[in-house]
Amino acid sequence: MTVEDADAPVEVMWEGRFIRAVRRGRWEYVGRRGGIEAAVIYAETPAGEVILVEQYRVPLGRRSLELPAGLVGDDAEGEGVASAAARELEEETGYRAGRIEELGFFYASPGMTSEGFTLVRAHDVEKVGDGGGDAHENIEVIVVPRAGLPAFVAAKRAAGVAIDVKMLLLLADSLL
């Protein structure tokens with residue numbers, strides 16, 4: 001990006017209910033409307049199993065293996081990251097966190113989108129329900145022993161399941 005691009009005004013090219021496409025200088029990118037952010041949740045059971053979800057993602061045209069996640073503030077205005085993460089974890093997976101620790105803010109794909117998320121760790125999780133998301137979601141809850149993650153992810157990939165980039169957090173030791 002040149003200095004001219006950085007100083008150029010933002011032109012909204014298209015805006016929908018949840019996202020908007022913008023142009024700034026020669027750059028085109030998308031972002032969430034209203035500055036809405038997401039919380040991505042790393043949760044592990046007391047037995048050392050990582051809690052994951054698999055769901056159909058329309059932009060990919062297939063199911064995707066992911067860490068549980070959700071939007072901050074989509075349920076209640078002014079909602080904080082920790083309360084949104086706790087709510088989404090329970091809604092999507094049926095696990096309740098005793099404590100949520102914020103680990104940092106990250107950008108999903110900074111060359112294409114301004115979207116960012118806060119990574120959190122859920123501590124002291126306990127199973128309290130079935131999960132699966134709301135009536136419009138078809139989320140499968142998957143619990144995998146931490147040591148078996150690389151083989152599990154490889155099998156999912158071979159079966160045609162998309163693997164969310166945030167799964168790299170869990171696979172770094174096996175890839176490098």
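**Reading the assignments in this model**

Author: In this predicted model, helix H2 has Val81, Ala84, Ala85, Arg87, Glu88, Leu89, Glu92 and Thr93 as its buried residues.

Reader: How do you know how far helix H2 reaches, and what is the span set against?

Author: H2 covers residues 81-93, which is 13 residues, and it reaches 17 Å from its first C-alpha to its last. The expected span is 1.5 Å times one less than the number of residues, and the value found is close to the 18 Å expected on that basis. The helix is followed by glycine 94, whose phi is positive, near 80 degrees.

Reader: What makes glutamate 88 and arginine 87 a salt bridge?

Author: The closest N and O atoms of glutamate 88 and arginine 87 are 2.9 Å apart, and a salt bridge asks for a side-chain nitrogen of Lys or Arg within 4 Å of a carboxyl oxygen of Asp or Glu, so the pair qualifies. Both glutamate 88 and arginine 87 are buried. The structure holds twelve salt bridges.

Reader: Why is the pair of arginine 63 and glutamate 140 called a salt bridge?

Author: The closest N and O atoms of arginine 63 and glutamate 140 are 4.0 Å apart, and the cut-off is within 4 Å, so the pair is counted as a salt bridge. It links distant parts of the chain, with arginine 63 in strand E6 (residues 62-66) and glutamate 140 in strand E12, 77 residues apart. Salt bridges that share partners join Glu54, Arg63, Glu140 and Lys156 into one network.

Reader: Why is arginine 63 called partly exposed, and what about glutamate 140?

Author: Partly exposed is the range between buried, under 20%, and exposed, over 50%. Arginine 63 has a relative accessibility of 23% and therefore counts as partly exposed, and glutamate 140, at 37%, therefore counts as partly exposed too.

Reader: Which parts of the chain does the salt bridge of arginine 32 and glutamate 115 link?

Author: The closest N and O atoms of arginine 32 and glutamate 115 are 2.9 Å apart. Arginine 32 is in strand E3 (residues 27-32) and glutamate 115 is in the loop between strand E9 (99-107) and E10, and the two are 83 residues apart. Arginine 32, with a relative accessible area of 28%, is partly exposed, and glutamate 115, at 23%, counts as partly exposed.

Reader: Is aspartate 173 buried or exposed, and how do you know?

Author: Aspartate 173 in helix H4 has 74% relative accessibility and so counts as exposed, the cut-off being over 50%. Aspartate 124, in the loop between E10 and strand E11 (126-127), has a relative accessible area of 61% and is therefore exposed. Aspartate 124 also has a positive phi of about 55 degrees although it is not a glycine.

Reader: What makes a set of residues a nonpolar core, and which residues have the most contacts inside the largest core?

Author: A nonpolar core is made of buried nonpolar residues joined through side-chain atoms within 4.5 Å. The largest one has 18 residues, and those with the most contacts inside it are Val50, Leu52, Leu65, Leu67, Leu149, Met167 and Leu170. Among the elements that each supply at least two residues of this core are strand E5 (49-57) and helix H3 (149-158), while E4 gives the most, with three residues.

Terms used:
Residues are numbered from 1 along each chain as its sequence is written. This is a predicted model: local features need pLDDT of at least 70, side-chain atom pairs count only at pLDDT 80 or more; totals for chains, interfaces and linings use all residues. Side-chain values use heavy atoms; hydrogens and water are left out. Buried means under 20% relative accessible area, exposed over 50%, partly exposed in between (1.4 Å probe, protein chains only). Helices (H or I, at least four residues) and strands (E, at least two) are DSSP runs, numbered from the N terminus.
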